[in-house]
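Please have the viewer open as you read.

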Amino acid sequence: MTSTSDPQPVASPTGATSLLVRLRAVRPTLSPAEDRVAERVLADARAAAALTISELAAAAETSETTVLRFCKRLGLPGYPQLRLALAEESAQPRTVSAPKSDISAEDSVDDVIRKIAFADASAVEETADQLDRATLTEAARCIAAARRVDVCGSGASAVVAADLQQKLHRIGVVTFAWSDPHIALTSAALLQKGDVAVGVSHSGTTRETLEALELAKSRGATTVAITNFPYSPLARAADLVLTTAARETSLRSGATASRIAALTVVDCLYIAVAQRNLPDALQAVRSTRSAVSGHHLESH
């Protein structure tokens, strides 16, 4: 998946991506009027599916033309297809039931657990469903063949970057993870053609990560973005974009869900790299496990 300068209608790479997942991904690029339509749809997809185009436009305090433009942004030819897609999605069974509200001060511990479980389970399931298989394969090919790999991320994304570094390094891929922006930049300046730089940012707007990825690209390295938003600055700067699908909440339970979604992508990428030379990868894992085996207490 290559970057584009202007937002285009969202199309599923596999044809199976949830409409609501695609909507959340494109939402930052919507106009204020389109975003009001998105808010109504995301609040209750089943109820939105039952509305006529005039009723949805009135509920969102906008025009029918805006609703039609909203449909086009989701890659749908018209409003009937939007209603059908929402109805089908609403009918899909879920292993964890959706909570009726965001986390609040009145929630019990059971409520909090249920809502966190829903956010986390949805992040993993929806990320897997919409992950672009061709892009994942190409990113794995580039990483497996790279002289070295740089991974950068800030804040919670630094945890994800460190996890990818640890996994790749363990199977013999020379990988560095940088959370300090100055070190990330100095390292990116030393990359060259055949190297790979991976930038991790849920929002895709973290300046430090974007600068490191842009510098790496200018040096000839292949750049990979892991982000929740396919039209974010980080995604537009990257050669290859791997997207997550995490929900945000007002109390930031989405901050944990976004990390779990990104770690799902990391796990898929790691295994895809390992598969390219599975015997060597398995031997490397055995060797590294043996190296630390003496540091584990025996269980009785």
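R147 counts as partly exposed, at 45% relative accessibility; on this scale buried means under 20% relative accessible area, exposed means over 50%, and partly exposed falls in between, with a 1.4 Å probe and protein chains only. The model is a predicted one, where local features need pLDDT of at least 70 and side-chain atom pairs count only at pLDDT 80 or more, while totals for chains, interfaces and linings use all residues. Residues are numbered from 1 along each chain as its sequence is written, and side-chain values use heavy atoms, leaving out hydrogens and water.

What does R147 pair with? Its partner in a salt bridge is D195, and the closest N and O atoms are 2.7 Å apart. R147 sits in the loop between α8 and β1 (149–153), and D195 sits in the loop between α10 (181–188) and β3 (196–200), so the contact ties together parts that are 48 residues apart in sequence. D195 counts as buried, at 0% relative accessibility. Here a salt bridge is a side-chain nitrogen of Lys or Arg within 4 Å of a carboxyl oxygen of Asp or Glu, and helices (H or I, at least four residues) and strands (E, at least two) are DSSP runs, numbered from the N terminus.

R114 and D111 both belong to helix α7 (residues 109–130) and are 3 residues apart, about one turn of the helix. R141 and E138 are also 3 residues apart, about one turn, within helix α8 (residues 133–145).

| Pair | N to O distance |
|---|---|
| R114 and D111 | 3.7 Å |
| R141 and E138 | 2.8 Å |

How many salt bridges does a search of the whole structure find? The search gives 12. E34, R69 and R73 are linked in a network of such bridges.

Now for the aromatic rings. Rings of Phe, Tyr and Trp (its six-membered ring) pair if their centres lie within 6.5 Å; planes under 30 degrees apart count as stacked, over 60 as edge-to-face and the rest as tilted. The count by this rule is 1 aromatic pair. The ring centres of F176 and W178 are 5.8 Å apart and their planes are at 5°, so this pair is stacked. F176 is partly exposed, with a relative accessible area of 32%, and W178 is partly exposed with 23%.
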